[in-house]
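Please read the following report alongside the sequence and the model.

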Amino acid sequence: MSEILKAGEKAPDFTLPCRAVEAAGDEEPTFLLKNMRGKNVVLAFYPADWSAVCGDQLALYNELLPMFEKQNAELFGISVDSEFSHEAFRKDRGYKMMLLSDFEPKGEVSKKYGVYRDEDGFSERALFVIDKDGVIRYSYVSPIDVNPGADQILKTLKEIQGEEGEKENGK
Amino acid sequence: MANNENPTLTVPVGAEDHIEGAENSEVTLVEYGDYECPYCGDAYKIVKKIQKEMGDKLRFVFRNFPLKQSHPNAEHAAEAAEIAAADGKFWEMHDILYENQNALDDENLKTYAEEIGLDAEKFGADLESGKFEEKVQKDFMSGVESGVNGTPSFFINGVRFNGSFDYKSLLDALENA
């Protein structure tokens, strides 16, 4: 596996499907990272829908969405599952965040970010915090069976927002 | 940046906590839990067994971590235990909630309050007004900042325990702490 992208590096742009097509013939709804400029973005790569640990991890993030919002941030989950799996998973668990499908070509975005497990065919459990200018401010790969929690995400977001406050105060 | 595999409690065990066991125990186990979470229900039984086994060697602390989006009754259940705590009956309520995890709506909570001898009217009013909402939220935030990653999350002597919380693993970790 290639190295995980690090803080200070530019976050590679990507486009991924974010919702299942509702009716045949409709255009597939997509998410463009580029369109998020001006807002902080948290990307949570995870191995698979439906497995126990990621269930808990996303349940925690689902709970914290208002806190991310307060830090001008939006969180997105990413795995190699199809958008149909994501849709069913979200509905079943009541998750409100968007889940992106790194499905075709499989794992392409995970590879760009250096968090694809070739030997397993799915993504690492990895976190990225990207600031409003598209620069990675925090990256982390967790042991695959350990849910990394949210403490470092919130800490990084607060740091970013703190800098913003200083800029606005003319410092 | 420091990794986050072994985060530590940002709020040390103190006067605001619900503590079971001796003050000068050898080991402190802190649990962040949700009364409606089935895994916490399993953990409840395991911790009881470990407390019995370890006796005075162990001090156990419970903090609230209700996952409201997943568990609609978890928040009020947590507040119910805090209301009971104001009358010195936290652990009675904590135990009754875990023993009745599938019946935690407001009516059930009121029944449990009466069972443990709380003033039913005052209990209902405190639940209604969200008297302890802030305390529950404070626990929750302290958990998030300490690296709580789901429920239950355990901290042994202040450090997050990443192992499995089956009886043997948890007991081993506590005895070797």
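## Helix α2 of chain B

α2(B) has 13 residues and extends 19 Å from its first C-alpha to its last, close to the 18 Å expected at 1.5 Å a residue, where the expected span is 1.5 Å times one less than the number of residues. Helices (H or I, at least four residues) and strands (E, at least two) are DSSP runs, numbered from the N terminus. This is a predicted model, in which local features need pLDDT of at least 70 and side-chain atom pairs count only at pLDDT 80 or more, while totals for chains, interfaces and linings use all residues. Residues are numbered from 1 along each chain as its sequence is written, and chains are lettered from A and ligands numbered from 1 in the order in which they are written.

Because eleven of its 13 residues are buried, α2(B) is largely enclosed by the rest of the structure; a residue is buried if 20 or more other C-beta atoms lie within 10 Å of its own, exposed if 12 or fewer, and partly exposed in between, with C-beta atoms placed from the backbone. Among the buried residues are B:His76, B:Glu79 and B:Ile83. The buried residues of α2(B) pack against β3 (58-64), α3 (90-99), α4 (106-115), α5 (120-129) and α6 (133-145) of chain B. Just after the helix, B:Gly88 adopts a positive phi of about 75°.

Chain A has four helices and nine strands, and buried residues make up 41% of its 171 residues.

The contact between the chains takes 19 residues from chain A and 16 residues from chain B. On the side of chain A that touches chain B, the largest share, seven residues, comes from α1(A). The predictor gives the complex an ipTM of 0.82 and a pTM of 0.88.

Definitions and conventions: Contact = placed C-beta atoms within 7 Å.
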